[in-house]
Amino acid sequence: MDDNCRELILSEETTEFNVLSFFMTPELMEYLHGVCYQQNNGRYFTIYSPVKELSEAFINRISYGMLPKLYGEMSTTALDISGVTQLANQPVLNLKGQGVLIGVVDSGIDYTHPAFIDEYGKTRILRIWDQTTNTGTPPEGINYGTEYTEDDINEALKAENPLDIVNTTDSTGHGTFLTGVTAGSADPANDFTGAVPEAKIIVVKLKPAKKFLRNFYFINDNVPAYQENDIMLGLNYIRRCSVEFGLPISIPFGLGTNLGGHDGFSSLSYTMNSISSLPGFCICVPTGNEGNTRQHYHGIISNVSQPDLVELSVSDNVSGIILEIWGQNPAVLSVSIESPTGEALPRIPARLQTTQTYNFIFDKTTVVVDYELVDSSTADEVIILKLKTPTQGIWKINVYSNIDNSVFDVYLPGVNFIGNNAYFLKPDPNITLTGPSSASNVITISGYDAVTGAFYQDSGRGFTRIGAYKPDICAPCTSITGPNLRGGYEQRSGTSLAAAITAGACAQFLTWAVTNRNSPLITSINIKSSLIRGAIRKLGETYPSRQWGYGTLDVYNSFDVLRKGGEI
C-alpha cells in the first residue's frame with residue numbers, strides 16, 4: 001500500500017469522485033487529476049483528487065452523479081409492541097440473536113459501554129474499522145483507517161486507559177445509541193435490553209465528509225455528514241466480515257439524504273440491493289424524518305403554455321442553498337427564476353450536460369443552473385440549482401415542460417443539513433422517504449408512537465418517485481431508550497430507531513433460519529415477506545399505505561403465520 005495515498009485519502013487537500021468500474025481508466029484518472037483510488041465493490045471505484053486542481057468550472061463540467069451524496073443522522077415498550085420481547089422469551093424459540101452479527105456503519109461506538117460487554121466482562125464487538133485515523137493497520141485491501149479486533153478490544157477493556165490501546169470513540173453518540181437499541185446487552189438494573197442481546201457486533205466508524213463537498217452542498221462544518229463512497233466501502237467491509245466469521249448479518253442503517261431521485265437507483269441503493277440479495281444478509285433502512293419539514297415540492301404542468309410555480313422561502317444570512325428538480329421521461333424541463341426583489345432570469349433553455357452561471361445585480365446572489373437531461377442512474381432529467389448567498393425572502397422558480405401533463409419533484413437537502421433556513425411554501429409530505437430507503441431489496445421502515453399508536457409526523461412517506469410501494473412496514477420510533485456516551489442510557493426519537501428495532505427482528509429470523517438451520521439460504525427479501533405477512537393492519541386503512549407500508553411490525557405474529565403454514 002502507498003503510505004502517501006493513505007494520508008491523502010484522509011486529507012482535506014483531496015476530494016472524492018464515485019465512478020463506475022467500466023469507466024475506471026487511466027484516461028479518467030488523468031482527467032480527474034486523480035492521485036490514488038479505492039475499489040468500493042465490484043461496481044464502483046472512488047478516485048481521490050487534489051482540491052487545488054478542481055476549479056468550479058471544472059466541477060460544473062463533470063457529471064453531477066460523480067460527486068458523492070452526503071448522508072446525515074436520522075435520529076422497552078417499543079420492543080414489547082413489536083413482538084421482539086415475546087419472541088425472545090418464547091421458551092422453545094428463545095431468539096436473542098445467537099449466531100448472528102449486527103453490522104453498523106455510522107458515527108462509531110463507545111466500546112467501553114456496558115451495553116456491549118457480556119456477563120464475563122468480554123466485548124461483544126468482533127471488529128471495529130475506524131475510517132478516521134491511520135494510526136494502525138487498515139483492513140486488508142483497503143487504503144485507509146485502522147482496524148481493531150476482538151482481542152484488541154478485550155485487552156483495552158482491562159487497561160486503566162482503554163484508549164491507549166484501542167483509540168476509537170463515537171463522534172456524536174448516534175452509532176452507540178443505534179447499536180445499543182438493536183443489540184445492547186441486558187441491563188436489568190437500568191431496565192434496558194437491546195432487541196438481540198446475544199448477537200455479535202461489527203462496527204464501521206465513518207470519516208466525516210470533506211470540506212470541499214460540504215461547501216459544494218452548503219453544509220456547515222458542525223453538522224454530522226458522511227460520504228456515500230465511505231458508506232459503500234463500509235458495507236462491503238461488513239459483508240467481508242460476515243464471510244470471515246461464517247455468520248449471517250443484520251444491518252440497521254441509520255443515515256439518510258433528502259437529495260437524489262427517491263427512486264431506488266442511487267449508487268448506495270445499488271450496493272444495498274446487491275448485499276440484500278445474498279443469503280444470510282438483511283438490511284433495514286429508515287424512511288427518514290423529512291415528512292413534515294417542507295423540504296419537498298410536487299408539481300404538475302398541465303399545459304406547455306403554463307409553467308408551474310415553485311415558491312421557496314429563504315432565511316437571512318444563508319451561505320447557499322442547493323435543490324434538485326427531478327422530471328420523468330419523456331418530458332424535458334427548464335426553468336426561469338425570480339429573486340425576492342423582482343430581478344428575474346428568463347427561461348433558460350435545456351441543453352444536454354449544460355451548466356450556466358448568472359449573477360444577480362441587486363441581490364448579490366449567484367445562481368448556478370445545471371441541466372442533466374439524462375441522469376446516469378435513472379435516465380430521468382435532473383436540474384440542479386445552486387443559490388449562493390441568496391437574498392432573504394421568497395424565490396420564485398417557474399418550471400416549464402415540452403409536453404402536457406408533466407410531473408416533477410423538487411427536493412432540498414433536508415432539515416438535518418439546512419435546518420429551517422429554506423422551505424417550500426406549498427410542500428408535499430408524500431414521496432419524502434430519504435435515500436437509500438427507496439432501494440427495492442432492503443426493508444424500509446417508517447415510524448410511529450408505540451404509546452399513542454399515532455403515526456410519527458416527521459417520518460418520511462412513500463411511495464417512491466416512480467410509484468414503487470415503500471415503506472414496507474412501520475415500527476416504533478419515539479422515546480426509545482438506548483446507551484449514551486456517559487455510560488448510561490437516554491431516550492431519543494427518529495426513524496433510524498425504527499430501523500434498529502426492525503433489524504433486531506431480522507436478527508431473530510436469522511437465528512431461527514441460519515443458526516438453527518431451518519432455512520439456511522434466507523435473504524432480506526424472504527424476511528421482508530414474512531414481516532409483511534405478520535404486520536398488524538388497522539381496519540379502515542388502505543394497504544400498502546404511504547405512511548404505514550403494509551402495517552406495523554409484529555415479529556411474533558410473523559412467526560405465528562409461519563407456524564400456521566406460511567412459507568418463508
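Is Tyr270 buried, exposed or partly exposed? I looked it up in this model, which is a predicted one. Tyr270 turns out to be partly exposed, with a relative accessible area of 35%.

**Entry: the whole chain**

I started with the overall picture. The secondary structure of the chain comes to 14 helices and 27 strands. I then checked the radius of gyration, which is 23 Å, close to the 24 Å that the globule rule gives for 568 residues, so the chain is as compact as a globular protein of that length. The C-alpha trace spans about 70 × 60 × 40 Å along its principal axes.

Of the 568 residues, 61% count as buried. The chain exposes about 21,100 Å², and carbon and sulfur atoms supply 49% of that area. For charges, I noted 39 positive and 58 negative side chains. The centres of those two sets lie 4 Å apart.

**Entry: helix H9**

I picked out H9, which runs over residues 228-245 and has 18 residues. From its first C-alpha to its last it reaches 26 Å, close to the 26 Å expected at 1.5 Å a residue. How many of its residues are buried? I got 13 of the 18, so H9 is largely enclosed by the rest of the structure. A reminder to myself: an α-helix has 3.6 residues a turn, so residues three or four places apart point the same way.

**Entry: aromatic rings**

The count of aromatic pairs comes to 17. One of them is Tyr31 with Phe58, a tilted pair at 5.3 Å centre to centre and 45° between the planes. This pair links distant parts of the chain, with Tyr31 in helix H2 (residues 26-31) and Phe58 in helix H3 (residues 56-61), 27 residues apart. Tyr31 is partly exposed at 40% relative accessible area, whereas Phe58 counts as buried at 5%.

Then I came back to Tyr270, which pairs edge-to-face with Tyr44. Their rings sit 6.1 Å apart centre to centre, with 75° between the planes. Why does Tyr44 count as buried? Its relative accessibility is 5%, and buried means under 20%. I also wrote down one aromatic cluster, formed by Tyr64, Phe216 and Tyr217.

**Entry: a loop aspartate**

Asp363 lies in the loop between strand S18 (354-359) and strand S19 (366-372). I found that Asp363 is buried, with a relative accessible area of 6%.

Background first: most residues other than glycine have a negative phi, and most peptide bonds are trans. I went looking for exceptions.

Which residue does a cis peptide bond join to Pro436? It's Gly435, with omega about 5°. Pro436 lies in the loop between strand S23 (422-424) and strand S24 (443-448). Another cis bond joins Gly462 and Phe463, with omega about -5°. Phe463 lies in the loop between S24 and strand S25 (473-476).

For positive phi, I noted Ile431 at about 55°, although it is not a glycine. Ile431 has its place in the loop between S23 and S24, and counts as buried at 9% relative accessibility. Ser479 isn't a glycine either, and its phi is positive at about 50°. I found Ser479 in the loop between S25 and strand S26 (480-483), where it counts as partly exposed at 45%.

Conventions: Residues are numbered from 1 along each chain as its sequence is written. This is a predicted model: local features need pLDDT of at least 70, side-chain atom pairs count only at pLDDT 80 or more; totals for chains, interfaces and linings use all residues. Side-chain values use heavy atoms; hydrogens and water are left out. Helices (H or I, at least four residues) and strands (E, at least two) are DSSP runs, numbered from the N terminus. The expected span of a helix is 1.5 Å times one less than its number of residues. Buried means under 20% relative accessible area, exposed over 50%, partly exposed in between (1.4 Å probe, protein chains only). The radius of gyration is taken over C-alpha atoms; the globule rule is 2.2 Å times the number of residues to the power 0.38. Accessible areas come from the Shrake-Rupley method with a 1.4 Å probe; for residues, only the protein chains shown count as cover. Lys and Arg count as positive and Asp and Glu as negative; His and the chain ends are not counted. The place of a charge is taken as NZ of Lys, CZ of Arg, CG of Asp or CD of Glu. Rings of Phe, Tyr and Trp (its six-membered ring) pair if their centres lie within 6.5 Å; planes under 30 degrees apart count as stacked, over 60 as edge-to-face and the rest as tilted.
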